[in-house]
Amino acid sequence: MQKSDSEYDIESDDDEDKSGTQNSTVVGMKETGLTNKKKTLDEKDNKYYCNLCAAGGWDKSVSLSQHMRHMHKVEYNASIEVPMTKRRWTKDEVLILAEFEAKIPPGGGKSINQILVEKFSTRTLESIKSRRKMKEYRNLVQQLRDCHASQTIEGLECTEGSSDVNNLTVVNDSIIVEEDNETNPDDRDITVLGTDGTTYPNIQQYIKEKIIEGRVRMCTTMVEALSHYVNDDVRTDPVEESLNGIREALESIHSSKTHIDEKVNAGSKLRSIKTKQKVHKFSHYQRLFKKDKSKLASEIFDGVDDSAVKPPMSVAHEYFRKIWEADTKDTGTLEYKASVGADVLLGPITREEIAWAIDQTKNQTAVGPDHVSLSDVRSIAKNELWCAYNIWIGLRKIPESLKLNRTVLLPKGKDGLENIKNWRPITIASIILRIYNKILARRMQSVFRTSSKQTGFKPVNGVGQNVAILHNLLRHARTHKNNLFVCLLDVSKAFDSVPHTSIIRALARNGCPSEFIDIIKNEYENSYTALSCADGNSPLVYIKRGVKQGDPMSSILFNLVIDELFGIIGDRFGYELEGVGRVNARAFADDIALISGSEIGMQELLSTTEEFLSARGLELNVDKCIAIGLRKAGKVKKSQIVDSSVKNPPSFTVKNKPIRLLGIKEQCRYLGVRFTPFGAVDPREPVAELKSALASLKKAPLKPQQKVLMLRMYLIPRFIFSFINTECYPKLIGQQDRLIRRWLKEILRLPQSVCTEFFYQPIKDGGLGVGKLYDTIGIAKVRLHGSFTRAGDECLRFLVETQGSSMHARWCHAMKLSTRPSAVDINARSVLTIDESRVRLSETVHGSGSEIFRNSPITNQWLSGHTRIMKGSTFIRAIQMRTNTTPTLVSTTRGRDVNKTCRRCGLADETLIHILQTCPITQGMRCRRHNNVCRKVSDKLRSKGFQVFQEQGIPSPQLQTNISRPDLIATRGEQALVLDVTCVFESNNNSFQDAYRRKVDRYKCLAETIKVKYKVNDVTFHGLCIGSRGAYDPRHLSIWHSIGFSGAELAILAIG
């Protein structure tokens, strides 16, 4: 397959560096004549003139460039420099590189990158690495390998397999494939006929072509499993053999790793009980901050302590055993529909699908009973895991040992934990099986279509849609004085109680192929779990019903079961929106809301729902169900909120038990948002919760940078959801921003006058990266409203356009957008907001040097709060220096006519630049930092084979001292580097360049002397400039990298 030129002539970001930018700048200067000796820009009239013919008077440099191009072609052409490094990859280079890589035999004992570097001497190692990471390049290499294998595989001889997992290559003859000689070799796209008459891809043929003939490296046991599968060997079990192959591969990987125990048993000090409690809480919070920040957020903001004592094993085991081992059956009729999506559901599992599933899994995901981690799965994903998954889907079963699960109990809140019902069971299978099920779940999502009334676990904002419908329905009924009745249902243990026969029935009625149903059946047959309790693990419990909470397939399987309900009720008994339609039900997974315009209609919906759930072994928890009612008050233009206090209140019953009516002063929670009979709760309540959360975070035993990180990553996002889904005004959100800013200033000990834009700048630009609620919520509300108006749900579109238009107009005005903005307008506004914030910061004294920090992202990594080597007090002082708010006399007495002379030396005004650069009292600290940088540079140069000389005296008659002592002179062969370290205060963009030029100009006169003294032919002079506040000049980063410093090392050096 040939690639187009546009696919290869792409300049990778990884191939670009700062030196490339500098070269392009020089070329542009030469094109306009700016590098000639005479000036081309007349400072008197600000006009451009040609140095060669004296023509000119142009206002723009581009006019001078065009003049040079047409009138002085020779000189113009000579001024153009063609860079020989960091060039674009051409199509031919990419193709040659791919062909050469495709021919490299695996297991040669040498890195492929090193082999390619030796072959392509014009390309650097980093450039080749970047190119090899590109998807189109990897596809090209794979195509070339497949083509090469199909042409040469017949001439290969059988090689004896090695026992070493990493060195074994599967070739055609190492797996004996018994093929019929009469088979047409060109007939490669073979399908299999299913039991229901559908056809699906042949997994065995896929394995032969892609894995066996594709020369995939794998362990010996996996080779045997593939051989037995493709040859239909009935004497063996390829599924179990494939799992053994996975274990063999993992054992080989684990044995190659070294484990170092870095724990130090330090002596403990004598402490009081109160001090011990503080130390224990601090260490507990630090441990959670390192391992699981989400649990730490739950403890701080919700008071949920995951270390709460779990129920005894006997109680938990007996309770959940009764639920899971109850053998309930679906009493509905089983109807099979024509099969759909067999080619998708039963097709071979590709490497791309496995990579997607792994990328979608959190790094901190829990391990299963086999203790296999996500990193282990990554190490075998492309070989052993790929082979095993295709064997499993081909034979439609999984290994029996993977059906063993472990169940952990999580508290549903912080109250009533002595009751076992207030603990949620999360069943965790092996990560190997969860990745496999995630792939199957994605395939089911693409094949099966459920009702639009079910919004759970779909690629839409289901929570936002359901909350908007309920809120606007309540407003519509009150505005138009209509009857409206809503029942929010709670299905008791829905995920744990759904019968497996209901799952099979739901799959069949949606046209699932019988072979795929066999896969689901096999996963739930002989499935067991053990509960983790306070006094140990419980005996195994046989899971005879329920879907496993924590399994990727559970959501889609449960949705398919519940989806039949919406087909039964249709649009009957719904609340009518005149000219639009009826709304009678909405659901998010098991959170079902029934809606009707009449009392009798609501009772019919309840009865139908109760009957449907009962036939599937499910039941409603009447005590947790809530009813909301609005009734038209006769001829009076009023609406009555019906509850138990009114006359003749409606009575909605389930199993002859009444559902509680929500009172006018009561609240209930629906999908995380609190509701009253008037709609979503007043946003002032989340405001009170925000104040409480800030107070809790302030008291938490965390470092200041850790508190800022928790604010940025956990506290603000949890309130964004509440504010987006309630009717909050822009002014109210602006007040919350001021509240957060006051909290930040107090935690970081910043003055009230500090520029607030520093808090909102992204971390990579030198700010704290704290989200501004005003902009975040404003843009989110405008986007959400736009998604509602574009949704296929006519009722939702009608409600948001008629009931929520006034609030939408307010936010559009606040965001400076039209009432119907396009996606392009919203994105442009977001970018413009950031640009305006940058300008406002740079115009203040607190933003001095902000442009330098923005152009040097390496220096801003410590602002994220992840750096553990920095103390809290150091972080605060660094923030004060970054914002020019260090409490000096000049900053604290600004605008007052008082003496501002330095209190320590008395030689100049006490400013930050004076303290950092010239004050004699701080000279020792400056020298220590200077010497520390010199030492680390020396170590790097010595590791690269240089001989380093420090502060060597070199005669220099041009100077008054007659002796020059550069910090470092490093020699290697005929090359010499003269380096001098200097600390620069980041005042403007030219600070670094001026300091660099001074250093080079000072020592370049020593070139001949150094050549003679150190017997070298090439001498290079550099000034190693590092900012007093930790910045680097991006134009000088190539120098640091050439010495051997990585980005992470430079980040540490900046704050060291």
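**Close-up 1. Asp793 and the residues it touches.** Leaving aside residues up to four places away in sequence, Asp793 touches Ile469 and Arg586; contact here means heavy atoms within 4.5 Å. This is a predicted model, in which local features need pLDDT of at least 70 and side-chain atom pairs count only at pLDDT 80 or more, while totals for chains, interfaces and linings use all residues. Residues are numbered from 1 along each chain as its sequence is written, and side-chain values use heavy atoms, with hydrogens and water left out. You will find Asp793 in the loop between helix H29 (773-789) and helix H30 (794-803). Helices (H or I, at least four residues) and strands (E, at least two) are DSSP runs, numbered from the N terminus. With a relative accessible area of 18%, Asp793 is buried; the word means under 20% relative accessible area, with exposed meaning over 50% and partly exposed in between (1.4 Å probe, protein chains only). A polar atom of the Asp793 side chain lies 3.1 Å from the backbone nitrogen of Cys795, and the Asp793 side chain also reaches the backbone nitrogen of Leu796, at 3.3 Å.

**Close-up 2. An open sheet of 3 strands.** The order here is S21-S22-S23, and the pairing is antiparallel. Strand S21 (668-670) and strand S23 (679-680) stand at the edges with a single partner strand each, so one side of each has no neighbour in the sheet. Two strands pair if DSSP finds at least two bridges between them; S21 and strand S22 (residues 673-676) have 3 bridges. Look for Arg669, which stands opposite Arg674 in S22.

**Close-up 3. Strand S27 and its partners.** Strand S27 (residues 968-972) is largely enclosed by the rest of the structure, because 4 of its 5 residues are buried. Strand S24 (residues 947-950) pairs with S27 in the antiparallel sense over 4 bridges, and Gln947 has Thr971 in S27 as its bridge partner. S27 also pairs with strand S28 (residues 975-984), again antiparallel, over 5 bridges. In that pairing, Ile969 has Val978 in S28 as its bridge partner. The hairpin of S27 and S28 has 2 residues between the strands, and Gly973 takes a positive phi near 65° there.

**Close-up 4. Helix H18, a mostly covered helix.** Of the 17 residues in H18, 14 are buried. Helix H18 (residues 431-447) reaches 25 Å from its first C-alpha to its last, close to the expected 24 Å; the expected span is 1.5 Å times one less than the number of residues.

**Close-up 5. Aromatic pairs.** The whole structure holds 17 aromatic pairs. Rings of Phe, Tyr and Trp (its six-membered ring) pair if their centres lie within 6.5 Å; planes under 30 degrees apart count as stacked, over 60 as edge-to-face and the rest as tilted. Tyr206 and Trp386 form an edge-to-face pair, 6.2 Å centre to centre with 80° between the planes. Tyr206 belongs to helix H9 (residues 203-212) and Trp386 to helix H17 (residues 374-395), so this pair ties together parts that are 180 residues apart in sequence. Tyr206 is buried at 16% relative accessibility, and Trp386 is buried at 5%. Tyr389 and Trp392 form a tilted pair, 5.4 Å centre to centre with 55° between the planes. Being 3 residues apart in helix H17, Tyr389 and Trp392 are separated by about one helical turn.

Technical notes: Polar contact = N/O pair within 3.5 Å; in protein donor to acceptor, adjacent residues only side chain to side chain.
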